Amino acid sequence: MIVTLERVAGASTRAVRARARGDKIRLIGSLRRFADGPSPPFVRVPAIMKRASVILVSTITVIGALVSVTAQPQSPGVIRPRPAEGRDPELKPPTIREYKPRSTLVVPQHPVPKAKFPVIDLHGHPPTLSGPDVVQRVVEAMDPVGVRLMINANGTSGERLRQSLAAIKNSRYSDRMAMFTAINVRNLAPGDGVTIAQQLEADVKAGAVGLGEIMKDFGMRAEKRDGSRLTLDDPELDVVWDTAARLNIPVLIHVADPAEFFQPLDYTNERWLEQALYPGRRYQDRSRFPSFEGLMGERDRMIAKHPKTTFILAHLGWHANDLARLAAMFDKWPNVHGEVGAILYDLGRQPRMAHDFFVKYQDRILFGKDSFQPDEYPYYWRTFETADEYFDYYRDYHAFWKLYGMALPDAVLRKLYYGNALRLIPGLPRAGFPSED
Ligand SMILES: [Zn+2]
């Protein structure tokens, strides 16, 4: 407290004059000027009054210091007032994109360029498989990082599905890639559900091993023929989800987007930068977009109606920042699973919670990467496999923080990387994976 007093008393007039947040500093500043400073010519301050003022200043300062010791809890992200409170940086502050402090932390580093066990990437978006040469190019990028099998989740059906399947079959890597199919839900009219289900069945007969990725347009933008928004739980589509159950294929579905994309876009928004960069990811306008929770409610009602359909929630259903919520879903619906694409930043900032979650729900989580950037896989392996601390993530607009490793046990890694996918997707090629014990 004494230090505080001395610092306040010794603060330069400039600092005191600087824009202060606390009334304490403003009050002390004006009293000090009154007591010690060059008095305005029209005010003569007798010496005794000066002394009285100094005593008054000291008393107020002591009271102020006591008040700050017993200060109320600060709101999140606000630090306790410091003696330099209100001081502006003398140097121009960097922008959110300019500030890239290099870490001075020295700790063991264990980068993992190649996964410990063969991996199935359930959520692949490779280039269009127009011929065997494209398949070869993609597989050659998968090899160095340890991805044994990629599922093309681009949403390909009908004739284009057959072309892609032929490209895979005619390549040297027919057991390294598999296809999911898609459904077209736009302009849905009464009776369309049956037609979509028939096409789904035909695509599976042609060789598709699952349905997806069903993109976020379903729920966010897709309309029915009558012009209303098509809700995720629309009964017209019940027959489609039931058909997926009968065919024993999983449904990989991406619903909504990170919850912050629906929240006010101010400086407390955790995804401010991403929304500033991508106008198409701003869903604040309720006249154009449903709310995040509205979409989650529709999704949950759809799931509840179809307990026999295997649903794989892409991006862990956008609940990676609230794993207890996802755990409650897993507990409630045994047919619900999660895929980890593009949410690594949330796992890597809670390595202990995520570790326990992955161990407890080790039969429910599958690996998927989403966008096709082969050099990004090693960030996933390092987060899953090591106990490394405070290491870089690869995309600044997803996260402004560093990652920590979850150090998952081998048995859990095997299920995450390939075991759960082989179990849930019977149509996958099995070559290259350890046989089940
Ligand atoms: Zn995707």
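Glutamate 213 sits in strand S4, which spans residues 210-214. The structure is a predicted model. A cis peptide bond links glutamate 213 to glycine 212, with omega at about -5°.

**Backbone geometry**

- Most peptide bonds are trans, and most residues other than glycine have a negative phi.
- The bond between glycine 212 and glutamate 213 is cis.
- Leucine 316 has a positive phi, near 50°, and is not a glycine.
- Leucine 316 belongs to the loop between strand S6 (311-313) and helix H12 (323-332).
- Leucine 316 has 24 C-beta neighbours inside 10 Å, so this residue counts as buried; the cut-off is 20 or more.
- Alanine 342 also is not a glycine, and its phi is positive at about 60°.
- The loop that holds alanine 342 runs between strand S7 (336-339) and helix H13 (344-347).
- Alanine 342 counts as buried because 22 C-beta neighbours lie inside 10 Å.

**Strand S1 and its partners**

- Strand S1 covers residues 119-125 and is mostly covered, with six of its seven residues buried.
- S1 pairs with strand S2 (residues 147-152) in the parallel sense, over four bridges.
- Within that pairing, glycine 124 has asparagine 152 of S2 as its bridge partner.
- From S1 the chain passes through helix H5 (residues 132-142) to reach S2. This β-α-β crossover is right-handed.
- S1 also runs parallel to strand S9 (residues 370-371), and two bridges join them.
- Histidine 125 has serine 371 of S9 as its bridge partner.

**Helix H6**

- Helix H6 takes in residues 158-169, 12 residues in total.
- At 1.5 Å a residue, H6 should span 16 Å.
- The buried residues in H6 are Leu161, Ser164, Leu165, Ala167 and Ile168.
- Seen down the axis of H6, the buried residues fall within an arc of 155°, so they line one face of the helix.
- The cover over these buried residues includes helix H5 and strand S2. Strand S3 (177-181) and helix H7 (192-206) are also among the covering elements.

**Shared elements**

- H5 lies on the chain path from S1 to S2, and H5 is among the elements that cover the buried residues of H6.
- S2 pairs with S1, and S2 is likewise part of the cover over H6.

Methods:
Residues numbered from 1 in each chain as written. Predicted model: local features only at pLDDT ≥ 70, side-chain atom pairs only at ≥ 80, totals over all residues. Buried ≥ 20, exposed ≤ 12 C-beta atoms within 10 Å, placed from the backbone. Pairing = 2+ DSSP bridges. Right-handed = clockwise from strand over helix to strand, strands pointing away. Expected span 1.5 Å × (residues − 1). Arc of directions from axis to C-beta. Contact = placed C-beta atoms within 7 Å.
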